[in-house]
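Subject: Structure handover

Hi,

Here is the structure I promised to pass on.

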Amino acid sequence: MTGDHIEYTYTHGMTEEDVQEILKETNTGVLGLSRDGSAYAIPVAFHYDGERFIIRLGRHADSEKMSFIETTASACLTCYDYEPPDTSWSIIARGPLRELDAAEHEAYPDADINEAFIPLRIFGEAPEELEPALFELSVMELTGRRTG
């Protein structure tokens, strides 16, 4: 395969101001986790406060994502968008992930959570079987790229 017929679009780095502006308007991404050489990525809702990401998840019995969170030293959150024909951006945040403790969680009453996050996505579980959980991704690395 020579790539002679492949279309390419050049990207360039975004300024910190551009990254911050996009993250103020974005509330979903893909959270990458790892365990023993295996990767696990899930769509998540988040709130970005300018320094850290607060990620909302649902905890239930035998949760695969929770077992991956326990073994992930550095998580990766990817946010992106694409508008045809050639406008796109992506932002990648890396850092440690930890669950907010009870006192920190109380700082987010249900009304505020419902305002800050899109509805919690569930996959066959009954809502009463889920325990909402908030996690903080402390940003150690934040990069953005865009086309155009």
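Let me start with R59, which is partly exposed at a relative accessible area of 23% (buried means under 20% relative accessible area, exposed over 50%, partly exposed in between, with a 1.4 Å probe and protein chains only). Before going on, some housekeeping: this is a predicted model, where local features need pLDDT of at least 70, side-chain atom pairs count only at pLDDT 80 or more, and totals for chains, interfaces and linings use all residues. Residues are numbered from 1 along each chain as its sequence is written, and side-chain values use heavy atoms, with hydrogens and water left out.

Back to R59: its side chain meets that of E131 in a salt bridge, 3.7 Å from N to O (a side-chain nitrogen of Lys or Arg within 4 Å of a carboxyl oxygen of Asp or Glu). R59 sits in strand 4 and E131 in strand 8, so the pair ties together parts 72 residues apart in sequence (helices, H or I with at least four residues, and strands, E with at least two, are DSSP runs numbered from the N terminus). E131 is partly exposed too, at 44%.

A second salt bridge joins R52 and E136, at 2.5 Å N to O. E136 is buried at 10%, whereas R52 is partly exposed at 23%. The whole structure has 8 salt bridges, and those that share partners join D49, R52, R98, E104 and E136 into one network.

What about strand 4 itself? Of its 8 residues (52-59), 6 are buried, so the strand is largely enclosed by the rest of the structure. Strand 4 pairs antiparallel with strand 8 (residues 131-138) over 8 bridges (strands pair if DSSP finds at least two bridges between them), and G58 stands opposite P132 there. Strand 3 (residues 38-48) is antiparallel to strand 4 as well, joined by 4 bridges. In that hairpin, which has 3 residues between the strands, G50 takes a positive phi near 100 degrees.

Last, helix 1 (residues 16-25): V19, Q20, I22 and L23 are buried. They cover an arc of only 165 degrees around the axis, which puts them on the same side of the helix (the arc is that of the directions from the helix axis to the C-beta atoms). On the other side, E17, K24 and E25 are exposed.

Cheers
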